Amino acid sequence: MKALPFKIPKTDTASIRVQVDHQPYFYDTLHQHPETQITLIVSGTGTLFQGQHIGDFQPGDVFVIGANVPHVLKSDAQYYESKERSSHAISIFFDESSLGDSFFELPELKEVKQLLHQSIRGIQLSGSSREATEQQILAMTKQDGLNAITSLLCILNTLTQTEDFQYLTEGFSPYLIDETEGLRLNEIFQFTLKEYDRPIKLEEVASISNMTTSAFCRYFKQRTRKTYVTFLNEVRIAQSCKLLISKDFTIAQICYQCGFNNLSHFNRVFKHINNLSPKAYRKSRVKYA
């Protein structure tokens, strides 16, 4: 999925950027930038869109998002409705030239360079590696100079040594776009997140893009490698996962609240995406919540 180009502010006194975002909700426009991004979610919940991945985020999560990969951390609706809620994330931004044009060409950093190339698939840490990386990221908010560089290298070393992670997608080939097209896709994206809980016709989405239905379907498939219906279902299933964990609603209620009008169809789509039935997913997640 394409996105708006996004420039990470830099200074003449730092080669890497540590950015602290602390507000009611996160920046919610689909975007991309040439820097690799390592993000710790300190507080807040929502949906992560990363390349072709759609899934939830919650406090304690650590993600690695590769260079030029479209992404957004879309906060849950309640964070827009109340200023008392807090969305807090710490992100580290750097690229392969941040520490010198040939730094990552050093033979000692071969595995790190491979990691950076693989990070376009998106990475989520778990277990003790996630905990160690969380502490290193928190420490970097109070560091600068050589200490910050050393901490970044420690994080990258952890990432190359651990098996406590999962890739978010099977593969992805990012490429840059212009602002006009980025705005068009972001409008489709925002519309879907707002209206996913009701029936949506292709003609309605196509009109947002000022296209015919057939032209829109071709356009969306070419740029996202999936049909709009598939994308819409993935958004709906991601939202249903949050409700399943909460246990406030029955599975049938969740089905209809997330835009499905048939329980058997909901069960079928859910299992196709998550390899678990909604009932099994709820049981597995609530156990560890």
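This is a short tour of the structure, stop by stop, with something to select at each one.

**Before you start**

You are looking at a predicted model, in which local features need pLDDT of at least 70, side-chain atom pairs count only at pLDDT 80 or more, and totals for chains, interfaces and linings use all residues. Residues are numbered from 1 along each chain as its sequence is written, and side-chain values use heavy atoms, with hydrogens and water left out.

**The whole chain**

Of its 289 residues, 47% are buried. Here buried means under 20% relative accessible area, exposed means over 50%, and partly exposed is in between (1.4 Å probe, protein chains only).

**Two asparagines**

Next, select Asn68. You will find Asn68 in the loop between β7 (62-65) and β8 (71-75). Its phi is near 65 degrees, a positive value in a residue other than glycine.

Now go to Asn210, in the loop between α6 (202-208) and α7 (213-224). Phi is positive for Asn210 too, near 55 degrees. Is Asn210 buried or exposed? Asn210 is exposed, with a relative accessible area of 71%.

**Salt bridges**

Side chains of opposite charge can pair when their charged atoms come close. The structure holds 7 salt bridges, each being a side-chain nitrogen of Lys or Arg within 4 Å of a carboxyl oxygen of Asp or Glu.

Select Lys242 and Asp76, whose side chains form one of them, at 4.0 Å from N to O. Lys242 lies in helix α8 (residues 228-246) and Asp76 in the loop between β8 and α1 (78-81), so this pair ties together parts that are 166 residues apart in sequence. Lys242 is buried, at 17% relative accessible area, and Asp76 is buried as well, at 11%.

Then select Glu134 and Arg130, a salt bridge with its closest N and O atoms 2.9 Å apart. Both sit in helix α3 (residues 127-140), 4 residues apart, which is about one helical turn. Glu134 is buried at 19%, and Arg130 is buried at 17%.

For the last stop, select Glu195 and Arg198, which meet in a salt bridge of 2.8 Å, N to O. Glu195 is buried at 18% relative accessibility, while Arg198 is partly exposed at 25%.
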